[in-house]
Amino acid sequence: MRLTFLGTGTSTGVPTIACRCKVCTSTDPRDQRTRPSVLVEFDDRVVLIDTTPDFRQQALREKMERLDAVVFTHGHADHVLGLDDTRVFYLRQQVPLPIWADQRSMETLRRIFIYIFNGTYKYEGVGKLDPHLIDGPFELWGLRMIPVAVLHGGLPVLGFRFGRAAYVTDFSTIPETSLPLLEGLDVLILDALRHKPHPTHSNLEQSLALVERLKPRQALFTHIAHELGHEETNALLPPHVRLAYDGQRVEL
Ligand SMILES: [Zn+2]
Ligand SMILES: [Zn+2]
Ligand SMILES: [Zn+2]
């Protein structure tokens with residue numbers, strides 16, 4: 001299995017519009033972060049977690065040639081607004097694109113993309129989706145996806161465990177009942193917005209405490225704001241914990 005970070009930035013992306021701070025003006029390419037998403041490739045299948053507003057650029061950058069399914073963590077703009085751009089894969093593959101989301105996120109998707117969901121629109125350039133509600137673990141071509149319930153402020157959001165990896169973004173709290181699902185991992189990907197606490201996101205210190213407790217072999221942090229420079233932040237972290245960067249690949 002191979003993971004590719006399509007994006008590792010917070011909702012605004014980094015650089016942030018109109019900001020001249022040292023991370024936003026950095027020349028290190030790892031300080032340029034598009035909106036957060038990860039690609040999971042296994043047995044010639046390609047599964048995407050979230051469709052960000054940057055999806056088109058990400059797909060071009062990574063030379064994506066197919067897409068078999070999309071799994072959604074939640075319905076916020078930085079995680080869903082690129083859904084329309086997946087239609088090129090429907091047009092290439094001629095199979096309605098399976099998408100997976102919980103009830104709340106599916107309702108948000110239906111509302112935003114009503115022209116895709118309501119089959120009455122005649123224009124043939126519109127994509128076709130094959131929606132599935134997540135109400136427990138599910139399988140994608142033999143890969144078991146286990147939803148991990150977390151809280152993003154007060155909003156219930158899903159992380160996912162698949163094989164010996166897990167992707168958990170946009171959370172401030174991981175309930176005790178979800179923590180056992182994140183044990184015994186080779187790679188744990190966690191939200192780590194910045195140093196200062198935030199009402200709806202985990203910060204660096206909180207995510208480090210989770211890594212201490214869950215003991216993955218490797219931890220990678222994502223959904224990173226412009227407060228964290230790549231190199232200077234990595235210098236503060238233990239060797240098995242790193243900030244992820246756009247385009248980073250992890251083989252499992
Ligand atoms: Zn987000
Ligand atoms: Zn900045
Ligand atoms: Zn969010």
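**Exercise 1. Which residue coordinates both the zinc ion (ligand 1) and the zinc ion (ligand 3), and how far apart are the two ions?**

Solution. Start with the pair of ions: the zinc ion (ligand 1) and the zinc ion (ligand 3) are 3.5 Å apart, and Asp170 coordinates both. Asp78 is in helix 2 (residues 77-80), whereas Asp170 is in the loop between strand 10 and strand 11 (187-191), so this pair ties together parts 92 residues apart in sequence. Helices (H or I, at least four residues) and strands (E, at least two) are DSSP runs, numbered from the N terminus.

A word on the model: it is predicted, so local features need pLDDT of at least 70 and side-chain atom pairs count only at pLDDT 80 or more, while totals for chains, interfaces and linings use all residues. Residues are numbered from 1 along each chain as its sequence is written, chains are lettered from A and ligands numbered from 1 in the order in which they are written, and side-chain values use heavy atoms, with hydrogens and water left out.

**Exercise 2. Is the site of the zinc ion (ligand 1) tetrahedral or irregular?**

Solution. Step one: find the donors, which are N, O and S atoms within 2.8 Å of the metal (3.2 Å for Na, K and Ca); water is not among the atoms, so sites may look incomplete.

Step two: recall the rule. Four donors are tetrahedral if all angles lie between 85 and 135 degrees; four are square planar and six octahedral if opposite donors are over 155 degrees apart and all others between 65 and 115; anything else is irregular.

Step three: apply the rule.

**Exercise 3. What arrangement do the donor atoms of the zinc ion (ligand 2) form?**

Solution. First, list the donors: Cys19 (SG), Cys21 (SG), Cys24 (SG) and His226 (ND1) coordinate the zinc ion (ligand 2) at 2.0 to 2.3 Å. Next, check the angles: they run from 104 to 115°, and the site is tetrahedral. For reference, the ideal angle for four tetrahedral donors is 109.5 degrees.

Now follow the chain, where the donors have the spacing C-x1-C-x2-C-x201-H. Cys21, in the loop between strand 1 (2-7) and strand 2 (37-42), and His226, in the loop between strand 12 (218-222) and helix 7 (230-234), are 205 residues apart.

**Exercise 4. Is Ser207 buried or exposed?**

Solution. Begin with the scale: buried means under 20% relative accessible area, exposed over 50%, and partly exposed in between (1.4 Å probe, protein chains only). Ser207, found in helix 6 (residues 204-214), has a relative accessible area of 0%, so Ser207 is buried.

Then compare some others. Ala166 in strand 10 (residues 165-168) is buried as well, at 0%. Asp28 is buried with 17%, while Cys21 is partly exposed at 24% and His226 is partly exposed at 23%.

Finally, look at contacts (heavy atoms within 4.5 Å). Leaving out residues up to four places away in sequence, Ser207 touches Phe171, Leu190, Asp191, Ala192, Ser202 and Phe221. With neighbours within four places set aside, Asp28 is in contact with His230 and Glu231.
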